[in-house]
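Dear colleague,

Please find below the structure that I am handing over to you. I would be grateful if you could look through it before reading my notes.

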Amino acid sequence: MSLQLSFSIADKTTTISLKGPLNEYSSALDGVEVNPQFDLNLDLKDLTSINSLGIRNFHSWIYSIECQRLRLLHCPRVFVHQLNLVNGFLPPKAEIESFFVPYFSEASGEETSVLFTKFLEYKSVDGKTKISFPKVTDSQGNPMELDVLEEVYFRFLDFYS
């Protein structure tokens, strides 16, 4: 499956939703422009994977976009990894509004992803990111734990929150 885009415009905000893999075959972003007087929301909830050529293509495209505010929503784990690995992956004006955090239950072996939203589970206070971890349970009521290293996975928030 190739990358698919869907667009919506409301209240001077353009929202682009990405679905599928971001790779060397992801030409869907080529030539996509938005009204520079509008905000841009990128909804990444259905982004399934990203490779090195996809990173390069996305980076070139996102830096070419002119908009008032740039917000990223529903960032999946694969995207968060790139935020932490690639210095300057997003322009400085980019804001992460929400992202998924993986959890795991030792008792049942269940996995889930929990959506963390700005000002609910995390916020910047005096230049430091404060994270509030929700209690997550599996289908049997057992507590679930983070399935990532906290100090590594949340590092991007120091740059994009």
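This is a predicted model: local features need pLDDT of at least 70, side-chain atom pairs count only at pLDDT 80 or more; totals for chains, interfaces and linings use all residues.

Residues are numbered from 1 along each chain as its sequence is written, and side-chain values use heavy atoms, with hydrogens and water left out. Helices (H or I, at least four residues) and strands (E, at least two) are DSSP runs numbered from the N terminus.

**Core**

The largest nonpolar core comprises 42 residues, and those with the most contacts inside it are Leu-42, Leu-90 and Phe-99. Such a core is a set of buried Ala, Val, Leu, Ile, Met, Phe, Trp, Tyr and Cys residues joined through side-chain atoms within 4.5 Å; buried means under 20% relative accessible area, exposed over 50%, and partly exposed in between (1.4 Å probe, protein chains only). Strand 3 (residues 39-50) supplies the largest share of this core, five residues.

Beyond its neighbours within four places in sequence, Leu-90 is in contact (heavy atoms within 4.5 Å) with residues including Phe-58, Leu-72, Leu-83 and Tyr-160. Leu-157, in helix 4, has a relative accessible area of 1% and is therefore buried. Residues up to four places away in sequence aside, Leu-157 touches Phe-99, Tyr-122, Thr-129 and Ile-131.

**Aromatic pairs**

The whole structure contains 14 aromatic pairs. Rings of Phe, Tyr and Trp (its six-membered ring) pair if their centres lie within 6.5 Å; planes under 30 degrees apart count as stacked, over 60 as edge-to-face and the rest as tilted.

In one of these pairs, the ring centres of Phe-99 and Tyr-122 are 5.2 Å apart and the planes stand at 55°, so the pair is tilted. Phe-99 counts as buried because its relative accessibility is 0%, and Tyr-122 because its value is 1%.

Phe-99 also pairs with Phe-156: the centres are 5.0 Å apart and the planes at 85°, so this pair is edge-to-face. Phe-156 lies in the loop between helix 3 (150-153) and helix 4, 57 residues from Phe-99. Both Phe-99 and Phe-156 are buried. One aromatic cluster is formed by Phe-99, Phe-116, Tyr-122, Phe-133, Tyr-153, Phe-154 and Phe-156.

**Loop residues**

Lys-12 has a phi near 55°, a positive value in a residue other than glycine. This lysine, Lys-12, sits in the loop between strand 1 (4-10) and strand 2 (13-22), and counts as exposed because its relative accessibility is 56%. Phe-119 likewise has a positive phi, near 75°. Phe-119 is in the loop between strand 7 (111-117) and strand 8 and, with a relative accessible area of 61%, is exposed.

**Largest pocket**

The largest pocket has a volume of about 160 Å³. On a 1 Å grid over the protein atoms alone, a pocket is an open set of points where a 1.4 Å probe fits, with protein on both sides within 12 Å along at least five of seven lines; lining residues have an atom within 4 Å of a point. The volume is the space filled by probe spheres set on the points, which are joined across faces, edges and corners. Of the 13 lining residues, Leu-83, Asn-87, Gly-88, Phe-159 and Tyr-160 are the closest to the centre of this pocket. Helix 2 gives the most to the lining, with three residues.

Yours sincerely
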